Amino acid sequence: DLVRHLAEYLKCDDPRRGVDMGYHCELRPHLLSAWRRRVHDPDDQPERWLMEGSPMGICALPEDRGIFPVYDDLTAMSDPATLPTEEKADYRSKDNLDEADVAEIDDLVGRTWIRKFGSLRQAKNFVKGRMILSKLIVLVRDKKSKDEQGRVITKTKRRLLLNLKRSGITSASVKAERVELPRVLDVLFDGLELLKHGRRGQVRAGGLRQLVLDFRHAFFNWPNREDERRYFAARLKDKVLVWLRSVQGSRGAPLISGRGLALAMRLVGALVPSTSSSSSTYVDDPLSSYYGTVAETDRSIAKQVGSLLALGFALAFDKAQDSHHHGQVTWTVAKLAFNDDTESLTVEVKDEIIAELKDNATALLDMVTIPLDELRAIAGRATCVASVLHVWRPFVTMLWAPQYDMRSRCKW
């Protein structure tokens with residue numbers, strides 16, 4: 001049993017999952033703590049968040065450990081004590097949730113990540129104080145993708161969120177640190193570095209292999225603090241919902257998840273020599289690159305993936321991409337492939353982004369004035385392309401600049 005062997009090696013007395021120890025998490029906090037102490041990693045906060053709750057930037061801030069840059073201004077724009085409990089009834093009555101959305105909520109309630117109460121009074125008794133209720137909203141986005149025949153098709157993706165901006169919780173929260181995310185070119189340069197080490201002196205056989213294996217429920221791995229639960233709640237029909245985990249869409253959740261997953265990837269990344277492996281994690285999507293024979297890379301993958309599972313993380317094996325089996329992998333905005341014959345890497349912008357960008361440009365050409373939302377959309381997609389094709393950057397800035405200059409706004 002891998003968990004038992006890790007616990008013995010790391011001298012961890014209690015490697016159980018948090019839920020089996022009275023904590024509100026499925027990860028193994030003591031095993032994570034023992035591993036971090038053994039390798040002298042500086043970030044001791046994620047293990048505490050698993051046991052004590054994660055600060056969302058309202059009542060408390062995450063303590064700095066030098067992982068990400070700290071913002072200069074750590075003052076909230078408003079006081080949560082001045083916010084109304086909820087908006088008037090005519091706003092609350094507008095409900096655009098369908099059966100699938102309600103089923104998703106029921107699933108989260110069943111996992112005990114959300115608590116459901118029959119009345120506001122019961123919810124107040126649970127959080128021990130006054131509450132701020134936000135509106136449940138559904139963000140609907142048409143996303144283009146390719147089918148098995150290579151045709152671009154459109155899929156509708158729905159995301160259920162709390163409207164924390166409208167309720168005022170966003171302005172009452174503080175972003176303590178700026179999470180630095182990797183770029184596609186970072187992965188490219190890491191891959192070239194592995195090729196350089198692997199082929200130096202022609203003493204090693206093998207090739208480059210890349211694996212994309214996402215974390216499941218990344219934000220829900222981290223419980224929130226008891227004194228901040230009152231700020232993350234909503235009505236659903238005649239029930240009141242209270243979030244018990246870090247809330248997607250809040251200002252604090254990306255930092256909590258970012259630091260926690262960064263720690264996990266540092267720990268498992270050290271199991272393989274840096275000359276044979278590297279990893280880059282974009283939010284909850286890690287891409288790992290390996291150099292060596294199939295047997296060597298299989299062993300490296302087994303060690304890292306097995307260790308993440310031992311720590312308690314759930315991984316999306318059904319969506320996994322392995323360049324050894326698929327020829328290429330798709331990660332964030334690009335497709336990456338290793339060419340054995342020329343010992344090179346090929347990087348292309350995803351076809352879906354190009355198709356969406358073309359649709360945006362075609363639509364804007366028919367407009368006399370451009371709505372700000374449409375300009376943001378095309379600027380965002382053009383920025384994705386510019387992250388791979390740097391020659392686009394000067395032209396993309398021309399799309400962003402007018403959005404922050406009032407002289408470009410129409411007067412009618």
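## Aromatic pairs

Y282 is partly exposed, at 33% relative accessible area (buried is under 20%, exposed over 50%, partly exposed in between; 1.4 Å probe, protein chains only). W331 is buried, at 2%. This is a predicted model: local features need pLDDT of at least 70, side-chain atom pairs count only at pLDDT 80 or more, and totals for chains, interfaces and linings use all residues. Residues are numbered from 1 along each chain as its sequence is written, and side-chain values use heavy atoms, with hydrogens and water left out.

The structure holds four aromatic pairs (Phe, Tyr and Trp rings, six-membered for Trp, with centres within 6.5 Å; planes under 30 degrees apart are stacked, over 60 edge-to-face, the rest tilted). One of them is F215 with F313, edge-to-face at 5.2 Å centre to centre and 65 degrees between the planes. F215 sits in the loop between β5 and β6, and F313 in the loop between α10 and β10, so the pair ties together parts 98 residues apart in sequence. F215 is buried at 3% relative accessibility. F313 is buried at 4%. Y282 and W331 also pair edge-to-face, at 6.4 Å and 85 degrees.

## Strand β5

β5 covers residues 207-212, and six of its six residues are buried. Strands here are DSSP E runs of at least two residues, numbered from the N terminus; helices are H or I runs of at least four. β5 pairs with β9 in the antiparallel sense over six bridges (pairing takes at least two DSSP bridges). G207 has G292 as its bridge partner in β9. β5 also pairs antiparallel with β10, over two bridges. There, V212 is partnered by Q321.
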